[in-house]
Amino acid sequence: RLLNLLQRTLREQDYINRKVPLSWLRTLDMLFKDVERSHLRFDEATAVMRECGVRNEHMPLLLRFLHLMGKVIWFEEPTLRDVVITDPVEYLARPAATVICKLRKGGNDFTVHSLPVHKKARRMM
């Protein structure tokens, strides 16, 4: 029953039924080709789109569409538009976890997180 509800809900979503140009699908594949990077600069993303045949006037529309689908994070805000995030965990969560982590044993939890960057920071103190 839950599976049927999920399938029906997904079929009703606008982006599921929207036809998009093949160049957009090629772009989606190419944006995620380099798994070592968690983001692209806007000019790098537009170069990929251009290489895939996306017209200049459709580039912001494609990025908005991919953002709404949850494939990338991209904001048109002037101060934020220069970054297209392709891996939010790597780009946002990992750096935050590096800063917000447990460096000392305490209570019943004996887990300690220590990365090379933590050791370097301790030496600098």
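1. Arginine 41 and aspartate 43 pair through their side chains in a salt bridge, at 3.1 Å from N to O. The model is predicted, and this distance is computed from its atoms. Arginine 41 has 44% relative accessibility, so it counts as partly exposed. Aspartate 43 stands at 45%, so it too counts as partly exposed.

2. How accessible is arginine 37? Its relative accessibility is 31%, so arginine 37 is classed as partly exposed.

3. A further salt bridge joins the side chains of arginine 55 and glutamate 57, with an N to O distance of 2.8 Å. Glutamate 57 is exposed, because its relative accessible area is 53% and the exposed class begins over 50%. How many salt bridges does the count give? The total comes to 5.

4. Now the helix packing. Helix H3 spans residues 22-31, and helix H4 spans residues 42-51. Their axes are 9 Å apart, and the packing angle is about 135 degrees. The crossing of H3 past H4 is right-handed.

5. Which residues make this contact? H3 contributes Thr27, Met30 and Leu31. H4 contributes Ala45, Val48, Met49 and Glu51. By class, the H3 and H4 contact holds 5 nonpolar residues, 1 polar and 1 charged.

6. The overall layout comes last. The protein has 7 helices and 2 strands. Along the sequence, the order is α-α-α-β-α-α-β-α-α. What share of the 125 residues is buried? Buried residues make up 20%. As for contacts with a separation of 6 or more, 40% come from residues 24 or more positions apart.

Technical notes:
Residues numbered from 1 in each chain as written. Predicted model: local features only at pLDDT ≥ 70, side-chain atom pairs only at ≥ 80, totals over all residues. Heavy atoms only, no water. Axes fitted to C-alpha atoms, helices over the stretch in contact; angles between N-to-C directions. Helix = DSSP H or I, 4+ residues; strand = E, 2+ residues; numbered from the N terminus. Left-handed = near helix turned anticlockwise from the far one by under 90°. Contact = heavy atoms within 4.5 Å. Nonpolar A, V, L, I, M, F, W, Y, C, P; charged D, E, K, R; others polar. Salt bridge = Lys/Arg side-chain N within 4 Å of Asp/Glu carboxyl O. Buried < 20%, exposed > 50% of the residue type's maximum accessible area, 1.4 Å probe, protein only.
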